[in-house]
Amino acid sequence: MEKMQWNKTCRQRMQEDVHKLKFHLMPPGGWLNDPNGLCQMNGIYHIFYQYSYEPEGGNKYWGHYTTTDFIQYSEEDIAIYPDDKSDRSGAYSGSAFIENGMHIFYTGNVKLEGEHDFIHTGRESNTNYIYSEDGMHFSEKKTLLTSEVYPKDLTLHVRDPKVSKIKDTYYMYLGARTKKDEGCVLVYSSKDLMDWTYDSRIEPEVPFGYMWECPDLIYLDGESFLICCPQGISKQGYQYENYDQNGYFKVIENKARDYQTLDYGFDFYAPQTFVDEQGRTILIAWMGLPDNTYENPTVDRGWQMCLTIPRQLENRDGKIYQYPIQEIIKLQGNKKELLISKQEQSMEKGCFIHMDVNNTPFQIQLNSLRLSYENNVFQLEFLDSGYGRTIRHIEIEDMQEMDIFLDTSAIEIFLNHGEKTLSSRYYDGKKDMMISSTNEIQIQYSIMKSFEINYKEMD
């Protein structure tokens, strides 16, 4: 009861926060991280997510939103509690597979007592299963795989199951870390979703990171891509500015090749995809990172983190392009033309901005955010309001256009209609956005409508 009352207070304070988002999903008070179990069943989209009542993180549950249109959402009951011996230290990330109901696979985390590094000793990583006929009521948990059955050359870091089906065989992909501190993906197969046999693994041609989290093997126009989050990548020039990366490989004969970053921003991790009933491959990611040196002042208001705008993926000449789904585009109001210059002009936050670049250098300021392009490098710089965030870069040879989805405390930037993207939180605490440019630039902008979220009543 005390926890529920405390969370109710968090929700009240969140609603009064100037940083409260208009068109990004936030936790209903408390903490949010990885999106989980993304799916559509019987016309209803289900967005599960890692959730904690505590805004600075704590034992992880599975929170749950539903929607039919990505505009109106309902907060549902907590889907998974860490209340079993197989997940008592947290119901960690996983996925949903739709076939005669909803089949959920997730990592049950257990940390043992005593002195351990929790990499080689002291941890159980259990692959758990639950079933739901309607997406609202869930069966008892069943443990399908334990640390004891994973290949012997692996550490205890095996997690984040993603399940798909090819012909008459089901495949499960698990992120893993070897005892040599090399990341890879384990592949298991099954004929019935219950009994799983080790099949193979997906590895890079050259070691790349010590752990691959959140694996997601997808197919776009006949090509296989492995989306994952390699951890422990050293910066190389403007590449890999985040130590914990997000990106994708092409997969050919179980070899992961030609790594490409998905999003270059400060806040993008744990992306997960699903194919909806229209046949769209949709991606949602966590706007955060597991380990970083910057902060989110919303903690003082009882909440922290959010999810990205849902993005549709396309394969263009062997590269993944991503752009907000049409439902988000429909939130845009009437477009207006605006000529910006050195003289500041006021804009309402929660807006969409389009700009034709045509490879012309520019420098634009949005309150304390500075966006610039010169010598084939796009740059986002925080003058302040970054709370530790400083500067990020994208190398792009032919930059034709830029689209910005600017929320009250989140920015998502799409270059060349999704060839490159950059996502970040920012916190200037101001209700309006002052925009200026070092040279005259014509832009289009429109005000975005807000999500409508039906939160549960709390006693």
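1. In this predicted model, five elements each supply at least two residues of the lining of the largest pocket: β1 (30-41), β5 (91-98), β6 (102-111), β9 (154-166) and β13 (211-220). The second largest pocket is lined by 22 residues, of which Lys-162, Val-163, Ser-164, Phe-274 and Val-275 are the closest to its centre. Two or more of its lining residues come from each of β1, β5, β9, β13 and β17 (269-275), and β9 gives the largest share, 5 residues. A pocket is an open set of points on a 1 Å grid over the protein atoms alone where a 1.4 Å probe fits, with protein on both sides within 12 Å along at least five of seven lines; lining residues have an atom within 4 Å of a point. Strands are DSSP runs of E, at least two residues, numbered from the N terminus.

2. Residues are numbered from 1 along each chain. Local features need pLDDT of at least 70, side-chain atom pairs 80 or more, while totals for chains, interfaces and linings use all residues, and side-chain values use heavy atoms, without hydrogens or water.

3. The count of aromatic pairs (ring centres within 6.5 Å) is 33. Phe-48 belongs to strand β2 (residues 44-52) and Trp-62 to strand β3 (residues 61-67), 14 residues apart. Both Phe-48 and Trp-62 are buried (under 20% relative accessible area, 1.4 Å probe, protein chains only).

4. For Phe-105 and Trp-196 the centres are 6.0 Å apart and the planes at 90 degrees, so the pair is edge-to-face. Phe-105 lies in strand β6 and Trp-196 in the loop between β11 (183-190) and β12 (197-204), so parts 91 residues apart in sequence are tied together. Phe-105 and Trp-196 are both buried.

Conventions:
Helices (H or I, at least four residues) and strands (E, at least two) are DSSP runs, numbered from the N terminus. Rings of Phe, Tyr and Trp (its six-membered ring) pair if their centres lie within 6.5 Å; planes under 30 degrees apart count as stacked, over 60 as edge-to-face and the rest as tilted. Buried means under 20% relative accessible area, exposed over 50%, partly exposed in between (1.4 Å probe, protein chains only).
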